[in-house]
Amino acid sequence: MEAFQVDAFHIFDKQWALVTAGTLEDYNTMTISWGGLGTLWSRPVATVYVKPVRYTYHFLEKNDYFTVSFFPEEYKKDLGILGSKSGRNGDKVALTSLTPIAAEHGVTFTQASATLICKKIYWQDLDLKQIPQDAASAYYQAEAPHRMYIGEVVGILRPNDEN
């Protein structure tokens, strides 16, 4: 697999990403700012966190693969829309300038600078008793904690790659 070199702290927290699951005919995407890149069981992995109340959660549950797409700064407003609107209530992607396209095992967007194709290899709900009290108070007063999904990175798409 080709190298993927980024500042993992910056790319999630400051630049954001989209996690997407499903097929081009039936998918949902959402903006994430929590995630990680690394290795697990000698495999390259991406880790994402999604709350059960999010519409995308159901797509992650019923699909074996998901994508994590990164974008140039000029698309930050679009990612803001996709993080604040629900696909449950309509086509939120239509409110953006992004163009969804089929990718191997999933969906990406023509404007993405890079997309990781991930095969789910592990998931687990975060345990509220193990979360620092300040974080629990800030993020989990009214909703259940996130589910962590770990996906083996089985492919990397760049703008000029064939999909």
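1. Two strands pair if DSSP finds at least two bridges between them. Strands (E, at least two residues) and helices (H or I, at least four) are DSSP runs, numbered from the N terminus. With that in hand, look at β1 and β2: a hairpin joins them through two residues. They run antiparallel, with seven bridges between them, and Thr20 sits opposite Thr29 in β2.

2. A quick word on what you're looking at. This is a predicted model, where local features need pLDDT of at least 70 and side-chain atom pairs count only at pLDDT 80 or more, while totals for chains, interfaces and linings use all residues. Residues are numbered from 1 along each chain as its sequence is written, and side-chain values use heavy atoms, with hydrogens and water left out.

3. Next, who is hidden? Buried means under 20% relative accessible area, exposed over 50%, and partly exposed in between (1.4 Å probe, protein chains only). β2 is mostly covered, with six of its seven residues buried.

4. Now turn to helix α3, residues 76-84, where Asp78, Leu79, Ile81 and Leu82 are the buried ones. They are on the same side of α3 because they cover an arc of only 155° around the axis (the arc is that of the directions from the helix axis to the C-beta atoms). On the other side of α3, Lys77 and Ser84 are exposed. Part of the cover over the buried residues of α3 comes from β1 (17-23) and β2 (26-32).

5. Which residues does Thr47 touch? Thr47 is in strand β4 and counts as buried because its relative accessibility is 12%. Leaving aside neighbours within four places in sequence, Thr47 is in contact (heavy atoms within 4.5 Å) with Trp34, Gly35, Gly36, Met148, Tyr149 and Ile150.

6. Strands β6 (residues 100-103) and β7 (residues 106-109) pair in the antiparallel sense over four bridges, and Ile101 stands opposite Thr108 in β7. The hairpin has two residues between the strands, and His105 takes a positive phi near 65° there.

7. Last, the largest pocket. A pocket is an open set of points on a 1 Å grid over the protein atoms alone, where a 1.4 Å probe fits, with protein on both sides within 12 Å along at least five of seven lines; lining residues have an atom within 4 Å of a point. Of the 16 lining residues, Met30, Thr31, Ser33, Arg54 and His146 lie nearest the centre of the largest pocket. β2, β4 (43-50) and α3 each supply at least two residues of this lining.
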